[in-house]
Amino acid sequence: MKEHLIFVGKHAVRMLLLLFCVSAVAFTLVSISPIDPLQANVGQAALGSMSQEQIAKLQAYWGVGEPPVERFFAWAGDFFRGDMGVSLLYRQPVAKVIGVKLHNSLWLMAIAWTLSGLAGFLLGVLAGLREGSILDKIIKGYSLLIASTPAFWLALVLLMIFAVWLKVLPIGLSVPIGVEAAGVTILDRIRHAILPAVTLSITGIANITLHTREKMIEIMESDYVLFARARGESTWNIVKNHALRNVLLPAVTLQFASISEIFGGSVLIEQVFSYPGLGQAAVTAGLGSDVPLLLGITVISAAFVFGGNLIANLLYGVIDPRIRRGGARA
Amino acid sequence: MKEKKVILDIRDFSVSFEQYEKGFSKTGLPVIRNLDVTVHEGEMVAVVGSSGSGKSLLAHGILGILPYNATMGGELMFDGEPLTRKRQKALRGNEIVLVPQSVAFLDPLMKIGPQIRKGKKDRASREKLNRIFRGYHLKEEVQNLYPFELSGGMNRRVLVSTALMGNPKLVIADEPTPGLHMDMVRRVMSHFRELADQGAGVLLITHDLEQALEVADRVVVFYAGTTVEDAAASDFGSEETLRHPYSRALWRALPQNGFQFIQGVQPYVKDLPSGCPFGPRCEFCTESCKAAVPYRQVRGGRVRCVMAGREKGAEEMLQSAKEPSARLAAAGKHHTGAAERRCAPEPLVAGHEADHDKKMRSAV
Amino acid sequence: MRRWNGRMTAVVLFAAAVIFLAAVTAAGFGFSEEALVTDFSRKNLEPGGAYLFGTDWLGRDMFVRTLTGLSMSIRIGLLSAGVSSVLAMLLGTMAAVMGKTVDSVITWVIDLIMGIPHILLLILISYACGKGFKGVVIGVALTHWTSLARLIRGEVLQLKEALYIRMAQKLGMSRWKIVWKHMLPHLFPQFLVGLILTFPHAILHEASITFLGFGLPPEQPAIGIILSESMQYLAMGRWWLALFPGLLLVLTVILFDVAGESLQKLLDPGSAHK
């Protein structure tokens, strides 16, 4: 039990350290930018008409005069206490903006993550099992094609087909335009989320399929599968008893590692569908020099990615007997 | 000795792989050819050849589990009937069983018990496994362990146990004792001897002649993908009773016989000489060795050498064997001229003796 | 005897991919002026004989614009993938050769980069560079070296155990001399394949980041810009503005993939049996 706690603790500490480094890197990057947030947000004209005092006050607010290291620690300290600053574009606390946007995106990403994970696993297992067959070639070809297709273009094409041409699904946004918030039904929300979710799933499948396929092929060529065949086990038996068991471990890691990709994909896809989620907010923040929001989104999404990795590591410890039982011994 | 029933009869067996030559042309790579082995009921036959000479492919061929880019040829008879693909499928794991080299051949994520039972949970197979484990002094708890948790001593007994889940008439043991301590080797070998004594045919595939001689009834000597001699284990008591120059070389390499090794290495499949594969390293090589060499009956065994059994050749061989120092000189004296020159300078490329099955498999 | 086989296919595919990509790159150079020409007499034409990919709302020839944009993408891809692969080679080797501390620092950096979703990191780097061409190249170069570096690291670690390397060490050869004389030649094929396989990712990410508005400036006929502009006209049914440039981009990416995989097949001795 003690070993397990140490195992969990080690990984959790590592994750927190990484997260700290991510925020430091992100902060450095926005700090060295030649883009002046003051000018970008307040505007050259407004600055000109302000009094020296007002400008000084604003500069103090932006921390223009302070050394960057101090600014970072001030920001990080506030962030740690839950104060992520105020978004310049939305004129609201960053935490609140992220909360709303994340709520919209989480839907999308959760659906895409689950769908692409399941479908990718299934296709990968099938293709790897019948390596070289027509089925394998189709699945592999499809995956390579999708992997070579930019997510935003796929979104555009689907939009053209289903929204413009067939007119069965709405063009964008998470709710109908011009309808009061109270009037938006769940059905509306679902209708507006279908295309983004489907696009995100389709792009996610490719990678998982290809990796699962590779693993599956490796397993089918392993000594233990050879021996199982020598013992007269049927293909189905081998799949059931050995292949699935062994391919599940890397698949779990892969599935949790794909969180990063889903996040990245959602940035592009939300942009195309004007879906008001975290991804679109990141783009808006970047284009509008909304530094606090951009930093907030970076740290939050990194937290998701590292959190995913942490869960994968922990699950590995639970599933893999070599770690679960061997950990105590080693 | 009364005639026992032949369980396995392999004639002119061959395995070749498709491979690219330089550039673009595809060719067959004959890793095994002219392989002949018979195993009787209750008999333990050892196929002895150096590591990486493709012996494992024999086992895989019998079981029908060669990789897809391998082609098999020759005649395989099991229990009096041709061993077709269909029969292989039906019999493997039951009447024909394989005992692998190590626990690496067990699924690392499946517990021992269910794995040996092939996932079956019924009472009969549970009881059968319990019985087998008791026979090998394995505790029932071992069934709940994963392969990585087995101790070295348990390993072997567990692997042998897998064979007994069926009703084996033929047990194929592929290098069952790699890198083991001699005591352990004896113990493992005794398990196989037991199986043979209970009536099964045992085909032991090994690189270790010493080990083989300790338990086997007959030894088949395997060189560069070909069986060169089939001898009773007792024939290895002295050099004179052996038939093939390579077998004699093996005999001389045994510790008790002076650890003398011959020069050179086994040729890589692509660089095989025509006729006898041992020709380039053989001190008695003549022009007639360059043609196809038949497998002949000589003194109750079989041999693939034109010299063996012939009065003159045999005499020469014996003579030179008695005076090791004179051996080279003798070779030079008796086989002067063209034959000698044509045989000797065959390129013996060192380091070519890569592990074939591994390479082939990894390529698939 | 000489039956058609996998290896010949690999050579043909490799050659075809390289020729096509070279042609697109060259064509882009030639058309760079023409891509900006506006002509209101030929606005919004559907694809046809005269204008293969149609024209846009300013009467610009979409075929010419697409080729120019692709050419630009390929050049940016080459540049950033090149920098990225050299970085990977350097850091991968350093991690494997220079001891535990350096190794853990580099591994840490890799984990760090993997931790931020690529697109987000690209946005940050682009922002740090004040957007524009420089931001894209630096961003793509800095985000794409990680997996190749891991591969190289593993390879070097394996090579270190090889007998001849150990002999060289025993003979007192210096660490970097061993790397230079005995390891690099072995790593070169890996490096080359890694380089080519980094292109498609580099191009995709360049297009994506430009599409979002962080990459090249809007007056450039980059693929990302073309597709981003096309969005406004989708609802009007001008499908050709998005379809053809995107298709050609996909084709380019696939061809780089094909070229890389074919080369890998040809260089890998293990594939001799396929």
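Here are a few notes on this predicted model, grouped by chain.

1. First, the conventions. Residues count from 1 along each chain as its sequence is written, chains are lettered from A in the order in which they are written, and side-chain values use heavy atoms, without hydrogens or water. Because the model is predicted, local features need pLDDT of at least 70 and side-chain atom pairs pLDDT 80 or more, while totals for chains, interfaces and linings use all residues.

2. Chain B holds 12 helices and 12 strands (DSSP runs: H or I of at least four residues for helices, E of at least two for strands, numbered from the N terminus). Of its 364 residues, 57% are buried (under 20% relative accessible area; exposed is over 50%, partly exposed in between; 1.4 Å probe, protein chains only).

3. After α8(C) comes G213(C), with a positive phi near 105°.

4. On chain A, W107(A), I111(A), L115(A), I186(A), I190(A), I194(A) and V198(A) make a nonpolar surface patch of about 580 Å². Helices α6 (94-129) and α9 (186-220) of chain A each give two or more residues to that patch, and α9(A) gives the most, with four. I111(A) lies in α6 and counts as partly exposed because its relative accessibility is 33%.

Definitions and conventions:
Patch = residues over 30% accessible without salt bridge, like charges linked within 9 Å, V, L, I, M, F, W, Y side chains within 5 Å. Areas by Shrake-Rupley, 256 points an atom, 1.4 Å probe, with all protein chains shown as cover. Salt bridge = Lys/Arg side-chain N within 4 Å of Asp/Glu carboxyl O.
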